Amino acid sequence: MTGQSTVGQSGTTHLDGVRVVYVAAERSAGGVGAYSEVFADMLRRRVADFHEVRHPRPGTDTVTELRARRREIIELIDAADGRPVVVHGEFSGGSVESFWPTAGLERIRRGVLVSATVHDPPGLVWWPGRVAFLERRRFLNHAVHFPLRPLSRAIERRVVGARTLFAMSHAGARSLLRAYPDTTVRHAHMPVWSRGEVVAAPDRPKAVGLFGLVYRGKGFEHVERLRGVLPDDIAIRIAGRGTEALPGLDGVEILGGVDDADLPAYFSSVRALVVPYGTRSLYGEAFPGSSVVSDAIAHLTPVVCTGHGALGELRTEGGVLVVEEGGRTHEETVDALASAAAELVTSRDRLSAMGEALKEMREVREPDEVVRTYLDTWARALCRA
């Protein structure tokens, strides 16, 4: 096997002669697509022989298109002329577009290392049969997948085999080890990068924010109750794709989707971000990393959140205030979030202290630190091979 992969004493990773094939959603395909664009840029600047295979949003591929993508990946592997190849995919709930085209590659081609970042652990895709036919027939999709959840997990376990999986939270990593005991699991933070300077939290307008893509479990349905509990002099500013369809309320400013370049201005307009996440799916608890919280960390914005899923492990971080849900109803949890946020935004000292803690959180999640985990892991695996 030609090509070299070494890990230097300083932690610098060398993948000289190694081809990396990155299989991921395109930029417009939601949060995972946006993440993959940044991750690809991180790799592109560090790997000389880097290739991307992009796919559309989840549920759009036919079986024919999945096979065509698999052939494209195999062609890239074969064109490496025997040099080591890393194939890395992004696996997320409902998306078979990276899952099936990478299945079994290590068994049919020598010198191929296959890994994946799992965005919604412990499931890899949750719905392994969700091609375009089932996406257009949502009732049938659930009728097939919900009663066959053990079969779905068995399929995922069979496909993943003994691969290396990456999770963006410690809770997610633990859940993957339980579900796929033959795998190697690594924890790698979701990368945090600032898109510009922001106003210090204590000097911002007296407001709290809700941010992100609107879908079940994100807590946007609680806006009216939050508004009723928060004091009238604390404004609510909401931004994110799909928020423009939310009903208007006095004291609530709805901005709709915002471009990346506008994020510093948005976060500079709120003293804290409220993250009222709850149960997202009947298929079981998931432990995804939160891109919303990552954006808040990047822009030094204190977070007030529930402990749902992987958010609970942030309770030890000084820049995040986790409101415990134990024994509370959904309404009582929302009331507690509003009370905690109101107390926080009126305290300059607490806002300042949390801002300093957020700077430390941002440093350990800086892209160079995050990508090193991937490069080191691949290099060590190739050295063992």
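Let's start with burial: a residue counts as buried under 20% relative accessible area, as exposed over 50%, and as partly exposed in between, using a 1.4 Å probe and protein chains only. The model here is a predicted one, so to speak of local features takes pLDDT of at least 70, side-chain atom pairs count only at pLDDT 80 or more, and totals for chains, interfaces and linings use all residues. Residues are numbered from 1 along each chain as its sequence is written, and side-chain values use heavy atoms, with hydrogens and water left out.

With that in hand, take the aromatics. Two rings of Phe, Tyr or Trp (its six-membered ring) make a pair if their centres lie within 6.5 Å; planes under 30 degrees apart are stacked, over 60 edge-to-face, and the rest tilted. Searching the whole structure turns up eleven aromatic pairs. One of them joins Phe211 and Phe267 edge-to-face, at 5.5 Å centre to centre with 65° between the planes. This pair links distant parts of the chain, since Phe211 belongs to strand E9 (residues 207-211) and Phe267 to helix H9 (residues 263-267), 56 residues apart. Helices (H or I, at least four residues) and strands (E, at least two) are DSSP runs, numbered from the N terminus. Phe211 has a relative accessible area of 11%, so it is buried, and Phe267 is buried too, at 0%.

A charge sits over a ring if NZ of Lys or CZ of Arg is within 6 Å of the ring centre and within 35 degrees of the ring normal. Arg149 puts its charged end over the ring of Phe146, 3.9 Å from the centre, while Arg153 lies over the face of Trp126 at 5.7 Å from the ring centre.

Now for charge meeting charge. A salt bridge is a side-chain nitrogen of Lys or Arg within 4 Å of a carboxyl oxygen of Asp or Glu, and the structure holds 23 of them. Asp49 lies in strand E4 (residues 49-55) and Arg19 in strand E3 (residues 19-25), so the pair ties together parts 30 residues apart in sequence. Both Asp49 and Arg19 are buried. Asp49 also meets Arg83 in a salt bridge, 3.0 Å from N to O. Arg83 lies in the loop between helix H2 (63-78) and strand E5 (85-91), so this pair ties Asp49 in strand E4 to a part 34 residues away in sequence. Arg83 is partly exposed, with a relative accessible area of 23%.

Glu52 and Arg54 form another salt bridge, with 2.7 Å between the closest N and O atoms. Both belong to a network of salt bridges with shared partners, which joins Glu37, Asp41, Arg44, Arg45, Glu52 and Arg54.

What about disulfides? With a disulfide defined as a pair of cysteine sulfur atoms within 2.5 Å, the structure holds zero. Cys305 is buried at 0% relative accessible area, whereas Cys383 is partly exposed at 45%.

Last stop, the surface. Phe133, Leu140, Val144, Leu148 and Leu151 form a nonpolar patch there, with about 400 Å² of accessible area together. Patches are made of residues with over 30% relative accessible area and no salt bridge, with like charges joined within 9 Å and nonpolar side chains (Val, Leu, Ile, Met, Phe, Trp, Tyr) within 5 Å. Accessible areas come from the Shrake-Rupley method with a 1.4 Å probe, and for residues only the protein chains shown count as cover. Leu148 sits in the loop between helix H5 (138-145) and helix H6 (149-160).
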